[in-house]
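Student: I am new to this structure and would like a close look at a single part. Could you walk me through the salt bridges, please?

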Amino acid sequence: LETLWSYDTDMRVVSTTFPKRCEAVFRPRHGRRWKTACAADLGISRATLYRYLDDPSGVPNDVLAALAALETPLRPSLDDHGMVRLASSALVAVQHQIDTRGFVSTPYPQPVRRLFDIGAARNLTEIRRHLWPTDLASLANLAALPLGLWAGDMSWDRDEVFTEVRLVENGEVTPECRDLAVEGRDPELEGIERDGFESLLTACARMEDGDAFYTAWRRCVVERPVLSTISEAAATVPGLTDLDDWTGFVHRFYDAVPESLAFGDHVKTCTVSGTLLRRARRGYHTESRDPAAIRAASEGQHGTKAFRPRQTLHLKRAFRTSWCHPGVAELVLAKGLEALGWQVSLWPRRDRIDVEAVSGLGQRLAVDVKDHLSPFRLARRFDGFKEYEATHECFVAVPDYVVAADPRFSERFENLRRSHGKPAVALRSVSALLRHAEDMA
C-alpha cells in the first residue's frame with residue numbers, strides 16, 4: 001500500500017497521530033461506541049487499544065498497517081473473483097467470533113460490513129439469479145450452495161476445482177473457504193498451530209523421554225478435545241506438571257469454553273470426535289465431517305462433560321482442524337493395524353509421519369492421514385515421505401467417508417499431482433489400507 005511509506009520513513013509522525021486517525025475512521029459510523037469497533041477491526045483488545053491511544057509510540061507496525069487499510073477509501077465495486085474472496089473472508093471472520101464468543105456480535109467484523117455494502121451497490125446495477133449477500137441470512141444461504149451457481153465469472157478457477165465447492169458445509173466454514181479468503185493459507189490458524197507446535201518441541205527437549213511425552217500429548221488432544229478442568233490433562237499426560245509453566249503450556253492449545261455453548265452445568269460433545277456440540281434446529285450441530293457424527297448429532301445423541309465457567313476448556317480451532325479430526329482416523333488405523341498383529345508407532349520422530357507400522361515378517365508401512373475433502377488442496381500441499389521412501393511402503397490415507405463422498409477422489413488426487421509436476425503418491429481409504437495390511441501379513 002502506498003500509505004505504508006511513512007512507517008519506515010517517519011514512524012514518530014505516524015504514531016503521534018494514531019488516536020486522531022482512529023477517531024476519524026470510526027466515530028462517524030459508530031458514535032460513542034467507536035472504540036469498541038476500532039479494537040475489533042484492528043484485531044486487538046479494548047485494553048490494548050486504550051494503551052495505544054494513551055501512548056501511540058508503542059503501536060506496532062501490523063496495527064498501523066491495519067488502520068491504513070481501513071483509511072483507504074473503499075472501491076465502489078469488486079470483480080466477481082474479488083467478491084468471492086471477500087465473502088470468504090467475511091465467513092472466516094464470522095466463524096472466528098462464533099468460536100471465541102459463541103455468537104456473532106455487533107458491530108460486525110469489517111470484512112462482513114464491506115461485503116454487505118459492496119453487495120448492495122452491485123445489486124442495484126446488476127440482474128443476477130442469486131443476489132450478492134447484504135445480510136447474514138443471505139450470506140449463509142449462498143455459502144451453502146456450490147460456488148459455480150452464484151459466483152458469476154469463474155475464469156480465475158483455471159484448474160476447475162472450485163466450481164462444486166461450498167464455502168460452508170455442516171455449519172462450518174470449509175478449508176476451501178479459508179483458502180479463498182487469504183489466497184491459500186490462514187495466517188492466524190497457522191500462527192497458532194506453529195506457536196503450539198514449537199512449545200511442544202521445546203517441552204520435549206527438556207524431557208528425559210521427549211518422544212513419549214510428544215505422543216502422550218498428541219493423543220490427549222485427539223481423545224480429549226474438551227477438558228472439564230485443566231487437571232484432566234495433568235492426570236492424562238505423564239510429565240506434564242513437571243514443566244515450569246504447565247498451565248501456560250496447556251492454554252497454548254486450549255481456550256475456555258464460552259458460557260453460551262454450555263447447557264447449564266454441562267457441555268455436550270460429539271460421539272465421534274469428542275468436540276463440542278452446538279444447539280441446532282434439529283438435535284445438535286457437530287463440526288465433524290463424518291456422516292456418522294452428523295447423523296448422531298442431528299438425532300440428539302451426545303456425550304456429556306461437566307462445565308465450570310472459565311475452567312472448562314476446549315481445543316483451539318487450529319488444533320481441532322489439523323490434529324484432532326485427522327487424529328480420529330489415525331487412531332482407528334493404529335488400532336486396526338495392532339489388531340492385525342502389526343507393531344505400531346503413532347507420530348514417530350515427533351510427527352515426521354502419522355503412523356509407522358512393522359509386521360511380524362518385517363514389512364514396513366509409513367502413513368500420513370489427511371482429513372481433506374478436496375483432492376486439489378491435498379495434492380497441492382502434500383510434500384511426500386522424504387526419508388521413509390527408501391525403507392517403507394508409503395501411503396496417504398483418508399477417512400472412509402471422504403472416498404464415499406467422492407469415489408474418484410484417489411484418481412483426481414493422482415491426476416492433480418501429475419499436472420502440477422509432483423511425484424506420485426499412493427492414496428487409500430483407512431479401511432482399504434487395513435485390507436492391504438491384512439493381505440501383506
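Tutor: Happy to! A salt bridge here is a side-chain nitrogen of Lys or Arg within 4 Å of a carboxyl oxygen of Asp or Glu. Keep in mind that this is a predicted model, where local features need pLDDT of at least 70, side-chain atom pairs count only at pLDDT 80 or more, and totals for chains, interfaces and linings use all residues. Residues are numbered from 1 along each chain as its sequence is written, and side-chain values use heavy atoms, with hydrogens and water left out.

The structure holds 21 salt bridges. Let us begin with the one between glutamate 287 and arginine 317, whose closest N and O atoms are 3.7 Å apart. Glutamate 287 sits in the loop between β7 (284–285) and α16 (291–298), while arginine 317 belongs to helix α17 (residues 317–339), so this pair ties together parts that are 30 residues apart in sequence. Helices (H or I, at least four residues) and strands (E, at least two) are DSSP runs, numbered from the N terminus.

How accessible are these two partners? Glutamate 287 is buried, with a relative accessible area of 10%, and arginine 317 is buried at 11%. For these words, buried means under 20% relative accessible area, exposed means over 50%, and partly exposed is in between (1.4 Å probe, protein chains only).

Another pair to find is arginine 349 with glutamate 387, where the closest N and O atoms are 3.4 Å apart. Arginine 349 lies in helix α18 and glutamate 387 in the loop between α19 (375–381) and β13, so parts that are 38 residues apart in sequence are tied together. Glutamate 387 is partly exposed, with a relative accessible area of 34%.

While you are at helix α18 (residues 348–351), look at arginine 350, which is placed there too. Arginine 350 has a positive phi of about 55 degrees although it is not a glycine, and its relative accessibility of 27% makes it partly exposed. Aspartate 351, also found in helix α18, has a positive phi near 80 degrees, again in a residue other than glycine. Its relative accessible area is 24%, which is partly exposed.

Finally, the side chains of glutamate 411 and arginine 408 meet in a salt bridge (3.5 Å, N to O). Glutamate 411 counts as partly exposed at 40% relative accessibility, and arginine 408 counts as partly exposed at 44%.
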